[in-house]
Amino acid sequence: AQITRQRYFRLYERLCGMTGTAAGCEREFRQVYGLKTQSVPLRAPCQRNILPPRFFTNATAKWQAVVESVVELHALRRPVLIGTRSIDDSVRLAEVFRRHALAFELLNGRQDVAEAEIVARAGQPWAITIATNLAGRGTDIRLAPEVVPRGGLHVVIAECHDSRRVDRQLIGRCARQGDPGSAQMFVSAEDSLIQRFGPWLGEFLQRHAGRGGEVPLDLTRQVRRVQALAERQDYAA
């Protein structure tokens, strides 16, 4: 016998929860669980800096840009957390870092026992952590004192997820509890989201690419449209 998580949770007489990414999902909580959503004010002002996203025609150009950005931050002794969509992508990116002789921690769901410990160390100076988007959730990343004045933890979204909420969960790992932090998104025409739900956007990227395969445009709204389509299909399923 089997049951979906949605139906299982509805069997409880009382149901509640708390999450940092409920905003924007009010309709889903209401329709699926019959729950209202209440926002709680922040304890401290948010110091998160979201950098402009970068767009590329292919995955090779994107991974190279990710590595170059990490090298720059690494020289500033800032810790970096790179979120990948799949285990294969995390392994592929790890190989690129090895070729650049950069020390890193790899977290992709294969290290269940050490998972929390690896994530907890992601706020140390010079730390580079490669993780699948869902690995190590629930672990607080505490910043080393010397990291705070340098800008805090930087999060790289190496590939957008079908759900915008998963991207927000990854971004939310930096700049917690009033700490400084930053995040940036990297997108390529070969990403799974674009290939499956937005081939028109992939064609646009191919037509408008500049030198090195990068597209010098902000296409955030277009990516959000593709994610909204993916979310509607997942919701229908």
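Predicted model: local features only at pLDDT ≥ 70, side-chain atom pairs only at ≥ 80, totals over all residues.
Residues are numbered from 1 along each chain as its sequence is written, and side-chain values use heavy atoms, with hydrogens and water left out. Local features need pLDDT of at least 70 and side-chain atom pairs count only at pLDDT 80 or more, while totals for chains, interfaces and linings use all residues.

In soluble globular proteins, nonpolar side chains tend to be buried together. A nonpolar core is taken here as a set of buried Ala, Val, Leu, Ile, Met, Phe, Trp, Tyr and Cys residues joined through side-chain atoms within 4.5 Å; buried means under 20% relative accessible area, exposed over 50%, and partly exposed in between (1.4 Å probe, protein chains only). The largest such core has 33 residues, and F55, L81, L153, V155 and L193 have the most contacts inside it. Among the elements that each supply at least two residues of this core are strand 6 (153-157), strand 7 (180-188) and helix 9 (220-236); helices (H or I, at least four residues) and strands (E, at least two) are DSSP runs, numbered from the N terminus. A second, separate core of 22 residues includes F56, A61, A65 and V66.

Helix 3 (residues 59-75) has 17 residues. From its first C-alpha to its last, helix 3 reaches 24 Å, close to the 24 Å expected at 1.5 Å a residue (the expected span is 1.5 Å times one less than the number of residues). Its buried residues include W63, V67, V70 and L73. The buried residues of helix 3 pack against elements including strand 2 (54-56), strand 3 (80-84) and helix 4 (87-99), where contact means heavy atoms within 4.5 Å.

A salt bridge is a side-chain nitrogen of Lys or Arg within 4 Å of a carboxyl oxygen of Asp or Glu, and by this rule the count comes to eight. R92 forms one with D89, the closest N and O atoms being 2.4 Å apart. Both residues lie in helix 4, three residues apart, about one turn of the helix. R92 is partly exposed, at 42% relative accessible area, whereas D89 is buried, at 10%.

R196 and D162 also meet in a salt bridge (3.1 Å, N to O). R196 lies in helix 7 and D162 in the loop between strand 6 and helix 6, so this pair ties together parts that are 34 residues apart in sequence. Salt bridges that share partners join R85, D162 and R196 into one network.
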